[in-house]
Amino acid sequence: MQIKGSVALVTGANRGLGLAFTRALLAGGAKKVYAAARDPASVTLPGVVPLRLDVTRPEEVAAAAAACGDVTLLVNNAGIFLGDGENDGEAESNARRMMDTNYHGIAATTRAFAPVLAANGGGGIVNMLSVLSWVALPGTGAYSASKAAAWALTNATRIQLKEQGTQVVGVHAGYIDTDMVAGIEAPKASPADVVAQALAALEAGGFEALADDISRQVKAGLNAQPPSYAG
Ligand SMILES: NC(=O)c1ccc[n+]([C@@H]2O[C@H](COP(=O)([O-])OP(=O)(O)OC[C@H]3O[C@@H](n4cnc5c(N)ncnc54)[C@H](OP(=O)(O)O)[C@@H]3O)[C@@H](O)[C@H]2O)c1
């Protein structure tokens, strides 16, 4: 689908990658960009329509879909990263919180907006995944599980919404230079570059964007011996 003339809704649009998505969508000629955030007052970019949306709150998801009946592009960007935890209690709580946001959040917005997209001609969904959808690092087990679940959901959604003409793109990347990984010393992709590749894949009619070298290497290694996910 084309960005020009689209009506987009970006979750977690107040900062990080979500902010980069809103900027790029405006620059690409989107007719309207709903910048959804847990706190709409934290949306400061001129030219967007701030919207309250915590993706873990069913009432807010339903209200967003009811209020934004013109959406043609849903960008499921909101996500959290928590470590695997220092003890059993923290491990379970962190894992549940990440599944809630990174998997159930996307599932909820997708269910709510699928009929909106259908009514507007099909449109598209971009899901922000990770190279950790495929592999885990020490301390990222539960995050990887939540992103693997989101990848499976992305693939299921593509099949389920094919008949209504909705294009579904999964975006994979390693470290991206945002608050989420501010404490990690490692090479990082720029948010603008990741977004550019995600939107290029969408405009090309693609199903996936591999936004940096590490995601391309890991994907290529899935079928190697030993495979990239074997650790
Ligand atoms: N940074 C990386 O290295 C990296 C790599 C691969 C994939 N990703 C993925 O890219 C996406 C964006 O991450 P980022 O790097 O931009 O992280 P970030 O800088 O930490 O920003 C996260 C965004 O998600 C929002 N958010 C969190 N929980 C939410 C909820 N329940 N409902 C609505 N919004 C919520 C945050 O809102 P608040 O301001 O209210 O907290 C914030 O806007 C995530 O899905 C992340 O997993 C990131």
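**Terms and their grounds**

Reader: What are the buried residues of H1?

Author: The structure is a predicted model, in which local features need pLDDT of at least 70 and side-chain atom pairs count only at pLDDT 80 or more, while totals for chains, interfaces and linings use all residues. Residues are numbered from 1 along each chain as its sequence is written, and side-chain values use heavy atoms, with hydrogens and water left out. The buried residues of H1 are Leu17, Gly18, Ala20, Phe21, Thr22 and Leu25. Buried means under 20% relative accessible area, exposed over 50%, and partly exposed in between, with a 1.4 Å probe and protein chains only. Among the elements that cover these residues are strand E1 (7-10), strand E2 (32-37) and helix H5 (191-203).

Reader: How do you know that the span of helix H1 agrees with its number of residues?

Author: Helices (H or I, at least four residues) and strands (E, at least two) are DSSP runs, numbered from the N terminus. The expected span of a helix is 1.5 Å times one less than its number of residues. Helix H1, residues 16-27, has 12 residues and should therefore span 16 Å; its end C-alpha atoms are 17 Å apart, which agrees. After H1 comes glycine 29, with a positive phi near 95°.

Reader: Why is serine 130 called buried?

Author: Serine 130 has a relative accessible area of 5%, and because the limit is under 20%, serine 130 is buried. The place of serine 130 is in the loop between E5 and helix H4 (141-160). Contact means heavy atoms within 4.5 Å. Leaving aside neighbours within four places in sequence, serine 130 is in contact with Tyr143, Lys147, Val171, His172 and Ala173. Its side chain also reaches the backbone nitrogen of leucine 132 at 2.9 Å.

Reader: What makes aspartate 179 and arginine 15 a salt bridge?

Author: A salt bridge is a side-chain nitrogen of Lys or Arg within 4 Å of a carboxyl oxygen of Asp or Glu. The closest N and O atoms of aspartate 179 and arginine 15 are 2.8 Å apart, so the pair meets the rule. Aspartate 179 lies in the loop between strand E6 (167-172) and H5, and arginine 15 in the loop between E1 and H1, so the pair ties together parts that are 164 residues apart in sequence. Aspartate 179 counts as exposed at 51% relative accessibility, whereas arginine 15, at 47%, is partly exposed.

Reader: How many salt bridges are there by this rule?

Author: The count comes to seven salt bridges. One of them joins the side chains of glutamate 208 and lysine 219 (2.7 Å, N to O). Glutamate 208 lies in strand E7 (residues 208-210) and lysine 219 in helix H6, so the pair ties together parts that are 11 residues apart in sequence. Glutamate 208 is buried, with a relative accessible area of 18%, and lysine 219 is partly exposed, with 30%.

Reader: What makes a set of residues a nonpolar core, and which residues have the most contacts inside the largest one?

Author: A nonpolar core is a set of buried Ala, Val, Leu, Ile, Met, Phe, Trp, Tyr and Cys residues joined through side-chain atoms within 4.5 Å. The largest nonpolar core has 32 residues, and those with the most contacts inside it are Phe21, Leu25, Leu73, Val126, Met128, Val171 and Val194. The largest share of this core, six residues, comes from H5.

Reader: How many residues surround the ligand, and which are the closest?

Author: A residue is near a molecule or strand if one of its heavy atoms lies within 4 Å of it. The ligand is surrounded by 28 residues, the closest being Asn14, Arg15, Arg38, Tyr143 and Thr178.

Technical notes: Polar contact = N/O pair within 3.5 Å; in protein donor to acceptor, adjacent residues only side chain to side chain.
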